[in-house]
Amino acid sequence: MKYRTAIEIRNAIEAGEITALEVVEYYLAKIKVEDKAINAFLETFDESALESARKIDAMKKAGEALPRLAGVPVAIKDNMTIKGQISSCSSKILENHRASYDATVVKRLKVAGAIIIGRTNCDEFAMGSSNETSFWGAVHNPWNLKKVPGGSSGGSAAAVSAGFVPIALGSDTGGSIRQPAALCGITGMKPTYGRVSRYGLIALASSLDQIGPIAHTAQDCALVLEVIEGIDEKDSTSLELDEKVVPELIEKNFKGMTFGVPREYFIDGMDEEVRKSVEEAIELIKQNGGEIKKISLPLTDYALAAYYIIQPAEASSNLARFDGIRYGTRAQTDNLWKSYLHARGDGFGAETKRRIMLGTYILSAGYYDAYYKKALAVKTEIFNDFKKAFEQVDVIVCPTSPAVAWDIGEKFNDPIAMYLADIFTVSANIAGIPGISVPCGENNGLPIGLQFLGASMQDGKILRAASAYQSLTDWHQKDPK
Amino acid sequence: MANIEFNLDRVAKLAMLELTDQERAKFQEQLPSIVAYISKLQEVDTSNTDAKTYLSDRVNVFRADEVCDSDEDTHSRLIAAFPNSKGDALEVPGIFE
């Protein structure tokens with residue numbers, strides 16, 4: 001297969017160089033053989049994918065205009081609903097839960113001619129930074145099978161990285177798109193909160209969750225974002241958009257753009273190679289017309305603590321609905337209380353229970369003001385810090401993750417060490433701003449991620465910066481061996 | 001907050017979670033240390049800040065209360081996804097003794 005990106009595949013189908021059916025058959029065959037070692041997919045939808053491909057080919061044959069993602073295979077994280085398919089959130093409690101409707105993003109992808117090729121593994125209910133909490137087993141990093149792919153959208157990131165699909169959807173509550181994209185050497189974007197409808201995304205923390213694209217390039221991310229974004233009457237937090245993202249990103253330099261480098265994102269204990277690669281990227285931006293300004297985001301150190309209050313609090317409340325009555329398997333006991341305890345005790349894994357417990361504690365009488373309300377106040381302060389920063393700069397540039405991929409099992413029994421993996425990504429969720437991670441280097445054969453953050457609704461700006469960076473570098477063109 | 005009070009049994013009951021002995025032992029050790037970590041937020045002065053759940057300035061987004069977008073297919077899929085049902089009726093356990 002000589003086509004690697006969604007844009008290349010779509011154009012090749014339009015030009016008649018390849019059929020949609022050939023594209024889908026190629027990817028399905030590759031997944032069947034190579035995913036045994038990676039575990040990125042929970043299921044592929046062979047029949048419906050082939051059927052959709054035939055429809056695209058028939059449209060082409062009939063001379064009809066092809067939609068924007070015609071014939072492009074896409075993988076969907078297992079926490080978004082696809083009508084008629086299982087949506088398990090990689091949890092035992094939903095292992096047999098079949099969705100009755102399409103998430104808005106899935107509906108929009110289908111309308112745009114994309115082929116939904118399968119659903120991908122993730123951390124249970126998207127809680128995790130390593131994809132080890134899945135009921136269906138860990139995902140392995142395609143660059144080194146002993147390493148984690150990051151999380152929670154580890155399956156979607158590994159699938160793109162391994163060449164199983166050109167594009168995938170992930171969800172990002174505290175870094176769950178950007179961090180696995182960094183660890184798997186690909187491009188992943190969390191749009192502005194409200195830019196993409198969350199209808200059909202099984203909620204983790206409703207005030208932080210956002211769906212976004214995972215791809216090889218910023219250009220593909222822009223294309224997918226353009227298809228899925230925009231107001232949706234089924235999500236009251238979705239926003240009316242003033243400007244659409246420009247899908248064609250043609251900038252080859254950074255002229256006219258000011259980049260902020262926050263000193264709090266270069267900390268003791270971070271991987272030296274990560275620091276070096278990010279500093280080299282900043283130098284490249286400078287040499288190619290970007291203005292660099294040192295800035296400060298003083299509350300960065302507190303963002304993670306605020307995150308690990310808001311997120312478990314909202315998760316404990318969102319996950320209260322899973323009690324065996326409305327979803328999942330109902331426990332057969334003579335006593336209703338016991339049936340709740342058993343359905344939840346048996347259905348949730350350890351990390352999910354840990355966060356439900358933490359959230360329940362935070363929201364319980366006597367602690368609510370000290371923790372939850374305090375965290376919301378800090379959230380407002382963090383938002384104000386970013387607002388001030390974006391009065392001086394267009395885009396913030398920083399590392400995505402303080403380290404490259406670590407060994408499977410290494411941090412599994414140390415929750416705080418695991419939570420620290422999100423230290424550079426959670427702030428964007430707390431402030432509701434967009435962020436994108438692009439590959440910018442390697443350490444011992446493992447990819448390093450560079451992050452661009454933008455002001456609220458300035459998704460186009462970070463895409464332009466990322467795309468300009470990719471026109472000057474070739475890290476995004478490297479594949480795992 | 002040097003002393004973290006974390007009553008595991010009380011919280012597990014509020015959270016409606018059955019824990020194994022192994023989980024109980026692990027959580028008893030881990031949860032107080034996570035609480036200690038997040039307690040560092042108390043260092044931030046927020047005396048002049050409003051606590052907002054959503055940063056957007058929109059409030060009360062309503063739509064007209066009208067039946068929309070439902071069809072026979074969705075209806076039957078919803079019932080099939082429910083753990084127990086009889087015909088079109090959803091079966092739930094009794095809540096009174």
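This is a predicted model: local features need pLDDT of at least 70, side-chain atom pairs count only at pLDDT 80 or more; totals for chains, interfaces and linings use all residues.
On the chain A side, the elements that give two or more residues are α9 (300–318), α10 (336–347), α11 (350–363), α12 (368–392), α13 (415–419) and α14 (426–431). The largest share of that side, 13 residues, is supplied by α12(A). Helices (H or I, at least four residues) and strands (E, at least two) are DSSP runs, numbered from the N terminus.

Residues are numbered from 1 along each chain as its sequence is written, chains are lettered from A in the order in which they are written, and side-chain values use heavy atoms, with hydrogens and water left out.

To continue with the interface: 67 residues of chain A are in contact (heavy atoms within 4.5 Å) with 56 residues of chain B. The two chains bury about 5,500 Å² between them, 66% of it on carbon and sulfur atoms; buried area is the accessible area (1.4 Å probe) that two parts lose on being put together, summed over both.

How many salt bridges cross the interface of chain A and chain B? The rule, a side-chain nitrogen of Lys or Arg within 4 Å of a carboxyl oxygen of Asp or Glu, finds three. A:Asp301 forms a salt bridge with B:Lys40, with the closest N and O atoms 3.4 Å apart. Over all chains, the search finds 25 salt bridges. Within chain A, A:Asp46 forms one with A:Lys32, at 2.3 Å between the closest N and O atoms. That pair links distant parts of the chain, 14 residues apart: A:Asp46 lies in helix α3 (residues 46–61) and A:Lys32 in helix α2 (residues 20–34).

Finally, the sheet. Chain A has an open sheet of 11 strands with mixed pairing, in the order β1-β3-β2-β4-β6-β5-β10-β11-β9-β7-β8; two strands pair if DSSP finds at least two bridges between them. Its edge strands are β1 (41–44) and β8 (291–295). Three bridges join β1(A) to the antiparallel strand β3(A), residues 115–120, and A:Phe41 stands opposite A:Thr120.
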